[in-house]
Amino acid sequence: MASKRFTILIIPDKSSGLRRFVVARRTLWMGGLFMIALVASSILLLLDRSNLEQNLNRLPVLKRRADAQNRLLRRIRNRLGEVDQRLLQLRRLEDQLRIMASVKPNEKSRDLGVGGVSKGDLLDQVAGLSASESRLAGRLGRQFQDVEQRAAEQESAFEELIKAFREKRVLLAHTPSILPVRGWLTSAFGHRRSAFTGRREFHAGIDIVARRGSPVSAPADGVVIMASRESGYGNTIEIRHLQGITTRYAHNQKMLVRVGQRVRRGQVIARVGSSGRSTGPHLHYEVRLNGLAVNPRIYIVDTLIAKR
């Protein structure tokens with residue numbers, strides 16, 4: 001059966017004859033479908049353009065939000081770094097306190113179990129982060145978990161030390177633990193080059209520069225066993241504490257205690273001067289254990305506290 005055909009007549013304005021076209025029905029359907037597809041494509045393109053314009057309008061808002069999220073994550077990371085440094089300071093303070101209290105170092109395993117909802121879980125649930133931000137959030141979450149665990153361990157360690165302090169009050173009162181004078185450390189414990197001979201020599205204490213006449217305080221309870229002028233040391237005071245510990249204070253301008261006198265921690269025992277072999281006002285401070293000079297900074301705990 002032959003397919004149906006349609007005849008299209010075109011009538012011009014001027015009578016120059018009619019024009020006739022014969023179009024098959026199938027061709028007409030295909031043309032109609034093409035027109036429908038063209039219109040539909042145009043509508044879709046218009047919708048896509050509208051959505052694109054809307055997204056472009058939202059782009060500055062999204063960028064500001066992303067920048068704010070990045071700043072927030074950076075601030076959290078910086079604060080975590082500060083907390084980490086504080087925990088390190090507390091760990092060093094704990095080590096010094098253990099030396100003072102004669103408590104063994106903390107050997108507990110750091111691989112303790114943790115439960116509950118951690119900060120890492122909370123950060124993982126933050127929506128709208130890019131891939132790099134999600135990785136940063138993951139790292140922050142792990143840092144949070146580490147800080148939480150270390151803080152819990154530090155709390156347990158200090159509870160142990162507090163118990164030891166309570167049991168050893170008398171011993172701790174006789175253990176030097178504070179700076180005898182406030183000033184600037186100019187010469188550390190150990191070998192150094194002499195300011196007088198230029199030769200290498202062993203320095204048995206630390207030198208703390210302070211204003212002439214500044215108060216020198218006893219760093220612990222004890223008994224004065226020397227208060228006299230010594231060669232090189234000038235006006236010198238020596239205090240005996242418990243467990244074979246003695247402390248020495250040299251180059252004083254004035255001595256305010258006498259031999260046999262009992263002193264308390266924080267009591268003023270002398271005034272800073274420059275007596276003996278000295279280049280200027282300062283205190284030479286020594287700590288000796290059973291007659292052997294040791295680094296006084298091992299016993300000084302208030303240097304950490306003063307930095308807070």
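Is Glu201 buried, exposed or partly exposed? Glu201 has 22% relative accessibility, so it counts as partly exposed (buried is under 20% relative accessible area, exposed over 50% and partly exposed in between, with a 1.4 Å probe and protein chains only). Keep in mind that this is a predicted model, where local features need pLDDT of at least 70 and side-chain atom pairs count only at pLDDT 80 or more, while totals for chains, interfaces and linings use all residues. Residues are numbered from 1 along each chain as its sequence is written, and side-chain values use heavy atoms, with hydrogens and water left out.

**Salt bridges**
- The structure holds nine salt bridges (a side-chain nitrogen of Lys or Arg within 4 Å of a carboxyl oxygen of Asp or Glu).
- Glu201 pairs up with Arg277, with their closest N and O atoms 3.9 Å apart.
- That pair links distant parts of the chain, 76 residues apart: Arg277 sits in the loop between S12 and S13, and Glu201 in strand S5 (strands are DSSP runs of E, at least two residues, and helices are runs of H or I, at least four, numbered from the N terminus).
- Shared partners join Arg192, Glu201, Asp207 and Arg277 into one salt-bridge network.
- Within it, Asp207 and Arg192 meet at 3.1 Å, N to O.
- Asp207 lies in strand S6 and Arg192 in strand S4, so this pair ties together parts 15 residues apart in sequence.
- Asp207 is buried, at 7% relative accessible area, whereas Arg192 is partly exposed at 28%.
- Elsewhere, Arg150 and Asp146 form a salt bridge at 3.3 Å, and both belong to helix H3 (residues 131-167), four residues apart, or about one turn.

**The largest pocket**
- This pocket holds about 470 Å³ of space.
- Its lining has 24 residues, and Arg192, His203, Asp207, His251 and Arg277 lie nearest the centre.
- Strands S3 (184-187), S4 (190-193), S5 (200-203), S6 and S13 each give two or more residues to that lining.

**The largest nonpolar core**
- This core has 23 residues, and those with the most contacts inside it are Val216, Ile237, Ile239, Tyr249, Val263 and Ile269 (a core is a set of buried Ala, Val, Leu, Ile, Met, Phe, Trp, Tyr and Cys residues joined through side-chain atoms within 4.5 Å).
- Strands S6 (206-209), S9 (234-240), S10 (245-255), S12 (268-272) and S13 (282-289) each supply at least two of its residues.

**Along helix H1**
- Ile43 is found in helix H1 (residues 25-101).
- With a relative accessible area of 45%, Ile43 is partly exposed.

How values were computed: 1 Å grid on protein atoms, 1.4 Å probe; cavity = no way out; pocket = protein on both sides within 12 Å on 5 of 7 lines; lining within 4 Å. Points joined across faces, edges and corners; volume = space filled by probe spheres on them.
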